[in-house]
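Subject: Structure for you to look at

Dear colleague,

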Amino acid sequence: VWLVDRVHYMGGSVRRDESIRLTHVVANVTHGTKYRYAVNMGKPIMCEDWISRMWSDRDDPDCHASQLKMAGYRMKPFYECCLCFLGFAKEEQKHMEELTIENGGSVAEQGAADLTHLVVDDQNVKEIPPDIPLPQYVVRGE
């Protein structure tokens with residue numbers, strides 16, 4: 001409610017459903033239909049802090065929601081995702097782990113309680129071994 005009120009006070013509007021008029025999505029998770037819609041439509045996905053920042057700058061006529069300085073409030077693609085990698089060469093896996101961390105995610109070992117995604121190199125892994133506990137999502141490396 002607080003976020004919706006602030007958006008309305010600043011002259012914006014809030015929609016529950018996706019539409020072509022949508023300019024930004026404010027999210028706190030990286031899954032769900034609205035998140036996927038925003039990604040597919042190329043709409044910026046922002047953290048809740050973005051609205052707080054806009055609210056603090058509301059009296060500045062030169063401050064606009066789409067300014068470059070607001071890009072720091074974009075949600076990182078792996079926000080709150082915990083990834084594990086299977087079948088990658090050592091150097092490639094290290095690089096992918098670094099990219100995961102740079103993009104808001106974390107890395108864990110297979111079977112970790114907080115693991116959300118198992119990323120599989122489908123060039124090297126034809127079948128996932130049955131003894132590996134599977135997280136919520138199993139995705140290809142590409």
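Strand E3 (residues 82-86) and E4 pair in the parallel sense over two bridges, where pairing requires that DSSP finds at least two bridges between two strands, and where helices (H or I, at least four residues) and strands (E, at least two) are DSSP runs numbered from the N terminus. Within this pair, leucine 83 stands opposite valine 107 in E4. Helix H4 (residues 90-102) packs on the sheet and touches E3, E4 and strand E5 (117-120), contact meaning heavy atoms within 4.5 Å; the direction of H4 makes about 170 degrees with that of E3, with axes fitted as lines to C-alpha atoms, for helices over the stretch in contact, and angles running from 0 to 180 degrees between N-to-C directions.

Please bear in mind that this is a predicted model, in which local features need pLDDT of at least 70 and side-chain atom pairs count only at pLDDT 80 or more, while totals for chains, interfaces and linings use all residues. Residues are numbered from 1 along each chain as its sequence is written, and side-chain values use heavy atoms, with hydrogens and water left out.

The sheet as a whole is open, with four strands in the order E4-E3-E5-E6 and parallel pairing; strand E4 (106-107) and strand E6 (137-140) are its edges, each pairing on one side only.

As for the cysteines, a search of the whole structure finds zero disulfides, a disulfide being a pair of cysteine sulfur atoms within 2.5 Å. For cysteine 63, the nearest cysteine sulfur, that of cysteine 47, is 16 Å away.

With regards
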